[in-house]
Amino acid sequence: MATKTKIAVVVRADLAVWQKLNVTAFLTSGVAVGCPETVGEPYEDASGVKYMPMLGLPVLVYAASAPEIKLAHERALAKDLSIAVYTEELFSTGNDEDNRAEVRAVATADLNLVGFAVHGPRNAVDKALKGLSLHP
């Protein structure tokens with residue numbers, strides 16, 4: 001069954017692998033918390049062990065250059081999509097309070113984005129990310 005909404009993460013292609021994984025993990029957590037309708041039901045194995053729920057939609061991960069991320073972010077904002085952001089400064093902080101302060105200190109147009117996640121109608125997400133390639 002095709003879903004009407006889509007989750008996508010855009011990560012700067014030139015980051016170290018550990019950074020790409022870190023950014024993707026943080027951004028998908030933003031989608032889960034910010035868009036609770038994306039979260040599925042808890043899991044349980046045949047032995048009765050219960051596991052936490054996960055996102056109920058696939059997460060598509062795209063690689064992009066810094067200028068491509070900036071353009072896609074602008075498009076996502078214009079389409080009023082739900083967005084989580086990760087800026088380069090967040091690599092040097094150690095907690096959520098400092099992370100929020102780093103983002104709050106910079107105007108939207110000046111954010112040094114290394115990645116962002118979006119959730120919204122499939123067509124709108126596709127248009128915002130037009131021209132980007134899936135991460136290899």
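Q: Which side chain does the side chain of T87 make a polar contact with?
A: That of E89, at 3.1 Å. A polar contact here is a pair of N or O atoms within 3.5 Å; within protein, one must be able to donate a hydrogen and the other to accept it, and residues adjacent in sequence count only if both atoms are side-chain atoms. Keep in mind that this is a predicted model, where local features need pLDDT of at least 70 and side-chain atom pairs count only at pLDDT 80 or more, while totals for chains, interfaces and linings use all residues. Side-chain values use heavy atoms, with hydrogens and water left out, and residues are numbered from 1 along each chain as its sequence is written.

Q: Ok, and where does T87 lie, in which strand?
A: In β5. Strands (E, at least two residues) and helices (H or I, at least four) are DSSP runs, numbered from the N terminus.

Q: Is T87 buried or exposed?
A: T87 counts as buried because its relative accessibility is 1%. The cut-offs are under 20% relative accessible area for buried, over 50% for exposed, and partly exposed in between, with a 1.4 Å probe and protein chains only.

Q: What is T87 in contact with, leaving aside neighbours within four places in sequence?
A: V103, L111, N112, L113 and V114. Contact means heavy atoms within 4.5 Å.

Q: Switching to V23: which helix is that in?
A: α1. V23 is buried, at 0% relative accessible area. Beyond four places in sequence, V23 is in contact with V11, L15, Y86, F91, V114 and G115.

Q: Now rings. How many aromatic pairs are there?
A: The count is 3. Rings of Phe, Tyr and Trp (its six-membered ring) pair if their centres lie within 6.5 Å; planes under 30 degrees apart are stacked, over 60 edge-to-face, and the rest tilted. One of the pairs is W18 with F91, which is edge-to-face because the centres are 5.7 Å apart and the planes sit at 65 degrees.

Q: Which parts does that W18 and F91 pair tie together?
A: W18 is in helix α1 and F91 in the loop between β5 and α3, so the pair ties together parts 73 residues apart in sequence. W18 is exposed at 53% relative accessible area, whereas F91 is partly exposed at 22%.

Q: And what about the rings of Y86 and F91?
A: Those have centres 5.2 Å apart and planes at 50 degrees, so that pair is tilted. Y86 counts as buried, at 5% relative accessibility. Ring pairs link W18, F26, Y86 and F91 into a cluster.

Q: What volume does the largest pocket have?
A: About 370 Å³. Of its 18 lining residues, F26, L27, G30, A84 and V85 are the closest to the centre. A pocket is an open set of points on a 1 Å grid over the protein atoms alone, where a 1.4 Å probe fits, with protein on both sides within 12 Å along at least five of seven lines; lining residues have an atom within 4 Å of a point.

Q: Which element gives the largest share of the lining?
A: α1, with 6 residues. Helix α1 (17–34), β5 (82–87) and α3 (96–104) each supply at least two.

Q: Last one: what's the phi of D80?
A: Near 55 degrees, a positive value in a residue other than glycine. D80 is in the loop between α2 (66–78) and β5, and is exposed at 71% relative accessible area.

Conventions:
Points joined across faces, edges and corners; volume = space filled by probe spheres on them.
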